[in-house]
Amino acid sequence: MNTSACRKNIRKLMFMLLLVALAGAAYMLVGVNFENQKLFAYAMKIRTPKLIAMLITAFAIGGASIVFQSIINNTIVTPCLLGMNSLYTLIHTAIVFFAGSGSLLARNANAAFAADLLLMGVVATVVYSYLFKKTRHNVLYVLLIGTVLSSFFSSIQTTLTRVMDPNEYDSLLSTLVASFSNINSEIILFSVVVLAVVIFVLRKDLALLNVITLGKDQAVNLGVDYDRTIRRLLLGVTLCIAVATAMVGPISFLGLIIANLSRQLLKTFRHGQLILGSALFGMIVLVGGQLIVEQVFTYAIPVSVFITVGGGIYFLYLLLTNRRV
Amino acid sequence: MQIKNLTKKYDDKAVVDSVSFEIPKGKVISLIGPNGAGKSTVMGMISRLIAHDSGQVNFEGTDITKWKSKELSKRLAILTQSNNIQMKLTVRELVAFGRFPYSGGRITKEDQEIIDKAISYMELEEFQDRFIDELSGGQRQRACIAMVIAQDTEYVLLDEPTNNLDIYHATNMMKIVRRLCDELGKTVVLVLHEINYAAFYSDYICAFVDGKIAKFGTVEEVMTKENLSEIYKVDFEIMEIEGKPLSIYY
């Protein structure tokens, strides 16, 4: 059905895959000393986990954003609305505030990752599974709860930073921006396992996404258990965002950009293609952005600044051009 | 399909109050009545879109809540007014969704033939590769009906299919409804505001007032001056055109 458009999209996706490969190769090899075996090995050791982390993050956020937008049936929502960013910020501030920057949770990347993921997982399950049921599966209530929770978490966080020791605050600040430098192979392995489990458990629900976007009435008419599917997908989206955020920090705003770029480029309703496109765009943006940050700005500006500035402008553009909002 | 003592309450107010009637097979049945009489709610409940509080909807011998949703979707199709599709979807792709209950996301050769037939039945061939959001209201409505035809169900429920259509497109829509029944042998249940369409194109009329059935019967039985004045609380005159009772209200 409509095979020419389908083939065209596959070609576009292949081209993007090529770009990702190029960006990845450039990231690994630019500025590396090829003469000295030891320096080369050292550079590889530093860069490989970062590159893998970026690819995983892009995949998790890109996929989750497309799914989230399709559930809400609105293409300008970002999974930031789920409140995981501010929860992450709050967790890290609270750890430094109560246990100090020298504590195990603040120093050990694995422990911090585990704590983040555990707390976010619990909050996600309670809010987006239990409350969703309680509010009779009204997706707008869920958005509202997410927004309220976000500001609730940020208010506590702001209060804590006001009374915090300035030195502690200084050390805290660096962990509150998204960064790929704290990542080791254990975290990567664990994230991949969590994401794989989420995708495996939700594989049937994901296959229903195309029908879900026709709206509740049509989906039910076509025999889909709408409420259950939405609840499971929403929980899955939150977990994906939680994994990505626990791994690299508050970065889910990226989702808005890459999901919409994917929709604009592919112009399809097929979620397999949209998710893949969104993930590939995410990889290009993250790897390319990090390459520029490291090689041009020598770490002076973190990549999340680019994402926020670029994303903000793109968001305005979407608002102004999308007449159907 | 039998409906027994069907009730729906919002808070304590019953919007549908103990409604019982039987939908005759292979006919066109119109649900009419003033705003807020509960017609659309009844339609929602007999199609499982809205859960009922008490009573029973008996569909082919089994209660509608006991049916597997997927099995039901091969026997009963509903088209509601809320059709704002945000996706970039072509007409053909929309119609193809009608085959979802049968083959999931994978369209077979047989499905393709059924989709082709549905598209040509609704005379949508020249639009089939256009995006839904580029079509006019009438064309979009026809595309939705084509999807229902592709769904190939015995029962078709349409919630205000003539809403937002001009006289030309609304009349065409009603002719299509008649053809669905006469040519394809489907049982069609409609919610209508325009009583003359109900009178001219349907076999039975079920009139609701305040969540209860005021009158249910053949067109001739329901379309009398007294009945209509009682239902709508305005004055009516009945005229006969082409053997059908049509109403004038003022």
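Visitor: In the hairpin of β1(B) and β2(B), which residue in the turn has a positive phi?
Guide: This is a predicted model. In it, β1(B) and β2(B) form a hairpin with two residues between them. The turn residue with a positive phi, about 55°, is B:Asp11.

Visitor: Which residue is the bridge partner of B:Leu6 in β2(B)?
Guide: Strand β1 (residues 2-10) of chain B pairs with strand β2 (residues 13-22) of chain B in the antiparallel sense, over six bridges. In β2(B), the partner of B:Leu6 is B:Val19.

Visitor: What is the strand order of the open sheet of four strands in chain B?
Guide: Its edge strands are β2 and β5 (62-63) of chain B, each of which pairs on one side only. Between β1(B) and β4(B) there are four bridges, and the two run antiparallel; in β4(B), B:Gln56 is the bridge partner of B:Lys4. The pairing in this open sheet is antiparallel, and the order is β2-β1-β4-β5 (chain B).

Visitor: Which residue has a positive phi in the turn between β4(B) and β5(B)?
Guide: Strand β4 (residues 54-59) of chain B and β5(B) are antiparallel and share two bridges. B:Phe59 is opposite B:Thr62 in β5(B). The hairpin has two residues between its strands, and the one in the turn with a positive phi, about 50°, is B:Glu60.

Visitor: What is the order of the open sheet of six strands?
Guide: The edge strands here are β6 and β10 (212-218) of chain B, each pairing on one side only. From one strand to the next the twist averages 15°. The pairing is mixed, and the order is β6-β7-β8-β3-β9-β10 (chain B).

Visitor: In which sense do β7 and β8 of chain B pair, parallel or antiparallel?
Guide: B:Leu157 stands opposite B:Val189 in β8(B). Strand β7 (residues 155-159) of chain B and strand β8 (residues 187-191) of chain B are joined over five bridges, and the sense is parallel.

Visitor: What angle does the direction of helix α1 of chain B make with that of β8(B)?
Guide: Helix α1 (residues 39-46) of chain B packs on the sheet of six strands. There it touches β3 (28-32), β7, β8 and β9 (204-209) of chain B. The angle between the directions of α1(B) and β8(B) is about 145°.

Visitor: At what angle does α1(B) run to β1(B)?
Guide: α1(B) also lies across strands β1, β2 and β4 of chain B, which belong to the sheet with the order β2-β1-β4-β5. Its angle to β1(B) is about 115°.

Visitor: At what angle does helix α10 of chain B run to β10(B)?
Guide: Helix α10 (residues 225-232) of chain B lies across β9 and β10 of chain B. Of these, β10(B) is an edge strand. The angle of α10(B) to β10(B) is about 155°.

Visitor: Why are α13(A) and α15(A) oblique to each other?
Guide: Helix α13 (residues 254-266) of chain A and helix α15 (residues 303-321) of chain A pack with their axes 9 Å apart. The contact includes A:Leu256 and A:Asn260 of α13(A) and A:Gly310 and A:Tyr314 of α15(A); by class it divides into seven nonpolar, three polar and no charged residues. The crossing is left-handed. The two helices are oblique because the angle between them is about 50°.

Visitor: What is the handedness of the crossing of α3(A) and α5(A), left-handed or right-handed?
Guide: Helix α3 (residues 84-99) of chain A and helix α5 (residues 109-134) of chain A pack at about 135°, with axes 10 Å apart, and α3(A) is therefore oblique to α5(A). Among the residues that meet are A:Leu87 and A:Ile91 in α3(A) and A:Asp116 and A:Leu119 in α5(A). The contact has eight nonpolar, no polar and one charged residue. The crossing is right-handed.

Visitor: Which element gives the largest share of the side of chain B that touches chain A?
Guide: The contact takes 25 residues from chain B and 19 residues from chain A. On the chain B side, the elements giving two or more residues are α2 (69-72), β6 (76-79), α3 (91-97) and α4 (100-103). That side has 12 nonpolar, seven polar and six charged residues. The largest share, four residues, comes from α3(B).

Visitor: What ipTM does the model score?
Guide: Chain B averages a pLDDT of 89, and 98% of the residues score at least 70. The model has a pTM of 0.87 and an ipTM of 0.87.

Conventions
Residues numbered from 1 in each chain as written. Chains lettered and ligands numbered in written order. Predicted model: local features only at pLDDT ≥ 70, side-chain atom pairs only at ≥ 80, totals over all residues. Contact = placed C-beta atoms within 7 Å. Nonpolar A, V, L, I, M, F, W, Y, C, P; charged D, E, K, R; others polar. Pairing = 2+ DSSP bridges. Axes fitted to C-alpha atoms, helices over the stretch in contact; angles between N-to-C directions. pLDDT = per-residue confidence, 0-100. Parallel < 35°, antiparallel > 145°, perpendicular 65-115°, else oblique. Left-handed = near helix turned anticlockwise from the far one by under 90°.
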